[in-house]
Amino acid sequence: MNIILLGPPGAGKGTQAKKLVEDRGVVQLSTGDMLRAARSSGTEMGNRVAAVMDRGELVTDEIVIGLIREKLEEGGKGFIFDGFPRTLAQADALGDLLTEMGMKLDAAIELKVDDEALVARIVKRAEESRAAGEPVRKDDTPEVFSDRLREYYKKTAPLLGYYYAKGDLRQVDGMAPMDQVAAQIADVLGD
Ligand code: AMP
């Protein structure tokens, strides 16, 4: 089963992706996590993208498509794409990669959340990390968040129409409590 989770930053894609991993044994492919790992291990690519990420902008299609290709080549019984694709070029590249590997997309699931709720979630996520003594993401501030949201509407929201036209788009209420969102996703997937 191969699923894309779509939605703005803070919509809960990472949380739901982890739940799908637990329940179905699929592999979570989060380009945000991959890029953060590259940064903290100080790879050349990580250093190159750090400033872009801190500004809340998107890194180049070439870099993220390369990361996804590597992970798909490692194999797995199914993939949850979390935070990828984020541009039409990435969506086309993902379609090509899946075809090349003899796989298909089962659904692109949009988590629908109001913009006002997103800022509150981001602030909470930063507070929770701080309280747990974990590093706080530099892009989880209200200021950078508004740039991330702008990038989302400009470059990623067009993917909703892209997957709708292919008949792959499914929508769930991302404002509902976490477990209810998970139940809606299970419904959409025909469980
Ligand atoms: P995320 O953890 O998904 O919110 O991603 C954090 C940051 O990583 C984003 O604001 C971008 O700078 C970068 N990023 C993650 N995924 C992508 C992607 N698919 N395309 C471009 N940039 C990405």
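Biologist: Where does the ligand sit?

Modeller: This is a predicted model, in which local features need pLDDT of at least 70 and side-chain atom pairs count only at pLDDT 80 or more, whereas totals for chains, interfaces and linings use all residues. Residues are numbered from 1 along each chain as its sequence is written, and side-chain values use heavy atoms, with hydrogens and water left out.

The ligand sits in the largest pocket (an open set of 1 Å grid points over the protein atoms alone, with protein on both sides within 12 Å along at least five of seven lines; to sit there, more than half of the ligand's atoms must lie within 2 Å of the grid points). Around the ligand there are 16 residues, of which Thr31, Arg36, Glu57, Gly83 and Arg86 come nearest (a heavy atom within 4 Å). Helix α2, residues 31-40, supplies four residues, the largest share of this shell (helices are DSSP runs of H or I, at least four residues, and strands are runs of E, at least two).

Arg36 has a side-chain N or O atom 2.9 Å from an oxygen atom of the ligand, a polar side-chain atom of Gln90 lies 3.0 Å from a ligand nitrogen atom, and for Arg148 the distance from a side-chain N or O atom to a ligand oxygen atom is 3.3 Å. Taken alone, the ligand exposes 480 Å², and the protein buries 95% of that area (Shrake-Rupley method, 1.4 Å probe).

Pro85 is joined to Phe84 by a cis peptide bond, with omega about 0 degrees, and Pro85 belongs to the loop between β3 (79-82) and α5 (88-100).

Notes. Polar contact = N/O pair within 3.5 Å; in protein donor to acceptor, adjacent residues only side chain to side chain. 1 Å grid on protein atoms, 1.4 Å probe; cavity = no way out; pocket = protein on both sides within 12 Å on 5 of 7 lines; lining within 4 Å.
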